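Me: Let us go through this structure piece by piece. Please start with how the elements are assigned, and then take my questions in turn.

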Amino acid sequence: MLLLIVLLTLVLACSIESATTTAASCSNADVQAAINSMVPGDTVLMPAGTCAWTAKVTAPDISLIGQGPGVTILQDSVPRSGGGQNGTALRVEANAGFCPRVSGFTTEPGGETANHANGLILLTGLSTCTRIDHIHINGTSVGPVIKTNSVYGVADHIIGTDSGFKTFILVAHAALAGQTSGDGAWTLPVNFGSGDFFFIEDSTFTYTGGVTRSTLLDSDSGGRWVVRRSTCHDCGITVHGTESGGRLRGSYVGEIYDNTFDTPNLVLPDSALEFRAGTGVVYNNTITDFKTAIKLTLNRRTDRFTSYW
């Protein structure tokens, strides 16, 4: 009898599926209302349309899926006043044990043009399986557009176009190992070749502002990241060291492979890849028309910017 009860319990547990609902529109109010009606692990679908988001949407372990780039279009009109995360349009709380996904829409500037350093889209938590995919970034009014904090997962099939010299993606792992500012991340094994990273892959980024290159990826606070199988036109990778500001540690470890970096509209920008902290593996990339392919700087010695270092 006990064995039968256990088997029935397992069958019932395996048969429970997450729920899906469709928001009344793609407006931030309707999307938030749909999210509030769900529980962690569920999915909210955003319908087609062009919607100006004027307030932050918070999704606690909820997946948010649009109808596709160019079909669901979200315009950034979130006020920047108050600092912190007040300018973030979408905050996804991705906690351990959940795998939220953000997918299928275009972002573009709206009525708010001031810069905001915490990301238009913020993925935060200790999930090991987040995914953000099939997003088109049509110009930016914030830098970075996508920010991850302490999650592992992947950003794939991102198409980013920018003329405003902003960062497309910033990866941080501030809260790993129960610590803050990236201290815990710097105590962990490097684990090259494992899944203990945030991956950016199968994506294309293009900077159209001229003069100097833009940034596909930035990292600080013990960031662990991989960029692979992607193309970067007039942009590159620059990761921060202890000059990040305040108590933050620098980027910890990265892998860069099977990418193309070129400069069709620039005249020999400084470097395609710049490491200001940490370690990394760089191989099998095509780098064209930069002064240098890889630049290594020891900012902890020259630009500490804080008494901690």
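Reply: Helices (H or I, at least four residues) and strands (E, at least two) are DSSP runs, numbered from the N terminus. This is a predicted model, in which local features need pLDDT of at least 70 and side-chain atom pairs count only at pLDDT 80 or more, while totals for chains, interfaces and linings use all residues. Residues are numbered from 1 along each chain as its sequence is written, and side-chain values use heavy atoms, with hydrogens and water left out.

Me: Where does Arg229 sit?

Reply: Arg229 is found in the loop that lies between β17 (224-228) and β18 (231-233).

Me: What is the phi of Arg229?

Reply: The phi of Arg229 is near 50°, which is a positive value in a residue other than glycine.

Me: Why does Arg229 count as partly exposed?

Reply: Arg229 counts as partly exposed because its relative accessibility is 37%. The classes are buried (under 20% relative accessible area), exposed (over 50%) and partly exposed (in between), with a 1.4 Å probe and protein chains only.

Me: And what is the phi of Leu268?

Reply: Leu268 also has a positive phi, near 45°, and is not a glycine. Leu268 belongs to the loop between β21 (260-262) and β22. With 43% relative accessibility, Leu268 is classed as partly exposed.

Me: Changing topic: how many aromatic pairs does the structure hold?

Reply: There are five aromatic pairs in the structure. Rings of Phe, Tyr and Trp (its six-membered ring) pair if their centres lie within 6.5 Å; planes under 30 degrees apart are stacked, over 60 edge-to-face, and the rest tilted.

Me: Why is the pair of Phe168 and Phe205 tilted?

Reply: The pair of Phe168 and Phe205 is tilted because the ring planes are at 50°, with the centres 5.1 Å apart. This pair links distant parts of the chain, since Phe168 is in strand β13 (residues 167-172) and Phe205 in strand β15 (residues 204-207), 37 residues apart. Both Phe168 and Phe205 are buried, and Phe205 is so classed because its relative accessibility is 0%.

Me: How far is the C-alpha of Phe205 from that of Thr231?

Reply: The C-alpha atoms of Phe205 and Thr231 are separated by 6.3 Å, although the two residues are 26 residues apart along the chain.

Me: Next, the pocket. How much space lies in the largest pocket?

Reply: The largest pocket holds about 500 Å³ of space. On a 1 Å grid over the protein atoms alone, a pocket is an open set of points with protein on both sides within 12 Å along at least five of seven lines, a cavity is a set where a 1.4 Å probe fits but cannot get out, and lining residues have an atom within 4 Å of a point. Points are joined across faces, edges and corners, and a volume is the space filled by probe spheres set on them.

Me: Which residues are the closest to the centre of the largest pocket?

Reply: Of the 29 residues that line the largest pocket, Thr167, Thr215, Asp218, Thr238 and His240 are the closest to its centre. The strands β11 (146-149), β13, β16 (214-220) and β22 (271-275) each supply at least two lining residues, and β16 gives the largest share with four residues. By class, this lining has eight nonpolar, twelve polar and nine charged residues. Ala, Val, Leu, Ile, Met, Phe, Trp, Tyr, Cys and Pro count as nonpolar, Asp, Glu, Lys and Arg as charged, and the others, Gly among them, as polar.

Me: What is the volume of the largest cavity?

Reply: The largest cavity has a volume of about 70 Å³, and there are two cavities of 30 Å³ or more. Its lining includes Trp53, Asp76, Phe105 and Ile121. The lining of the largest cavity takes its largest share, three residues, from β6. That lining has seven nonpolar, two polar and one charged residues.

Me: Finally, how many bridges join β4 to β7?

Reply: Four bridges join strand β4 (residues 57-60) to strand β7 (residues 90-93), and these strands run parallel. Strands are taken as paired if DSSP finds at least two bridges between them. Pro60 stands opposite Glu93 in β7. Strand β7 is also joined by four bridges to strand β9 (residues 121-124), again parallel, and Leu122 in β9 is the bridge partner of Arg91.
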